[in-house]
Protein chains: 2
Amino acid sequence: MSSPSLDEMIAALKALPGVGQKSAQRMALHLLERDQQAARRIAQTINDALETVRHCQRCRNFSDTDVCEICRDDRREQNTICVVETPADVYAVESSAAYRGRYFVLLGRLSPLDGYGPDQLGLEQLEQQLAEGGIDEVILATSATVEGDITAQYIADTAARHGVSSSRLARGIPLGGELEFVDGGTLSRALSGRQQID
Amino acid sequence: MSSPSLDEMIAALKALPGVGQKSAQRMALHLLERDQQAARRIAQTINDALETVRHCQRCRNFSDTDVCEICRDDRREQNTICVVETPADVYAVESSAAYRGRYFVLLGRLSPLDGYGPDQLGLEQLEQQLAEGGIDEVILATSATVEGDITAQYIADTAARHGVSSSRLARGIPLGGELEFVDGGTLSRALSGRQQID
């Protein structure tokens, strides 16, 4: 259009998830017209993150240092590991404010066809931590899919070999969920997992 | 959380229009996990645009050069100027593919309380172009608001002083608009502006 470098910026912004041509246009024009300081900050923080962020040597989550802040936090329970698939899942579990233990991030799930085997998921590293002792429970918070279930089962077997018990997140009707809109599979799990009222 | 520079990046992305905490998180994690090249490109194109993009000396639209590509394009009709409020409006009119003339971007609309007078909108510059001659029509494509109307009237008066005719975009029912969902004001304009069927 009138400015090739603006068009370049719009094209680049389209790589963001959920952002198409219109949104990218709106974002670029907003940044240039109204908030050049924010534009500068976005570019700066992206470059900083690209340079700084690596994977924690202990839990494989994103970290600025070799061992991440969560792993270094002594106030967190050290005897529980919550195994999740992605760093986004750590954010999700943290937002529940119901968990105070450590994490282990698989960065994927067992899926041999996609090239994700135990090596890619760092399962040797996880097993080593289980072997070192001090861990009482592994909470398997992998996704509620076939692959997530297989991954959970694989890790549960590993944990059992080291005498560590495993648990899986409860499945059922989400909070505020109307029965009418809950799918059959979920309802079937909610029925079979029904809990006695005392 | 686990990485302060990731948190910084998420906070910076929240400055984008329509992006809250959740979307910013999803964007940052997507860029770091799956598309570091796109991340690099976003930062690079933002910095390039901030450095390169300025306002065209002729039409005030964004441009990489002193005079923008649209103004330099000889194939465009030079005798018509379409006056719009923002660079985004230029994109909108261009997308209609129904206009082949030049533009003039006000970068605002008359609104004395917000400090937008004729000087801020570059109206002197526009008047000079009208005075130089060669322009047959000014299409006033300012927004369909009270301030947009006042701005259009002001420019129409200026154009009239230089013997240039002005027009305003037609108002009525949008394409595909169901009568049931059109507001009363729009319907009233559509009625008073009704057109004879030949």
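Biologist: Leaving aside its neighbours within four places in sequence, with which residues is A:Thr151 in contact?

Modeller: This is a predicted model, in which local features need pLDDT of at least 70, side-chain atom pairs count only at pLDDT 80 or more, and totals for chains, interfaces and linings use all residues. Residues are numbered from 1 along each chain as its sequence is written, chains are lettered from A and ligands numbered from 1 in the order in which they are written, and side-chain values use heavy atoms, with hydrogens and water left out. Contact means heavy atoms within 4.5 Å. On that basis, the partners of A:Thr151 are A:Leu106, A:Arg109, A:Leu110, A:Leu121 and A:Thr142.

Biologist: Is A:Thr151 buried or exposed?

Modeller: A:Thr151 lies in helix α7 (residues 146–161) of chain A; helices are DSSP runs of H or I with at least four residues, strands are runs of E with at least two, and both are numbered from the N terminus. Buried means under 20% relative accessible area, exposed over 50%, and partly exposed in between, with a 1.4 Å probe and protein chains only. Because its relative accessibility is 0%, A:Thr151 counts as buried.

Biologist: Which residues does B:Gln129 touch, not counting those up to four places away in sequence?

Modeller: B:Gln129 is placed in helix α6 (residues 123–131) of chain B. With 8% relative accessibility, B:Gln129 counts as buried. The residues it touches are B:Arg58, B:Ile81, B:Arg102, B:Phe104 and B:Ile135.

Biologist: How are α3(A) and α1(B) oriented, roughly parallel or roughly antiparallel?

Modeller: The axes, lines fitted to C-alpha atoms over the stretch in contact, are compared by angles from 0 to 180 degrees between N-to-C directions. Those of helix α3 (residues 36–52) of chain A and helix α1 (residues 4–13) of chain B come within 9 Å and cross at roughly 155°. Angles under 35 degrees count as roughly parallel, over 145 as roughly antiparallel, 65 to 115 as roughly perpendicular and the rest as oblique. The orientation of α3(A) to α1(B) is therefore roughly antiparallel.

Biologist: What is the geometry of the aromatic pair of A:Tyr99 and A:Tyr103?

Modeller: Rings of Phe, Tyr and Trp (its six-membered ring) pair if their centres lie within 6.5 Å; planes under 30 degrees apart count as stacked, over 60 as edge-to-face and the rest as tilted. Two aromatic pairs are found over all chains. A:Tyr99 and A:Tyr103 lie 5.3 Å centre to centre with 65° between the planes, and the pair is edge-to-face.
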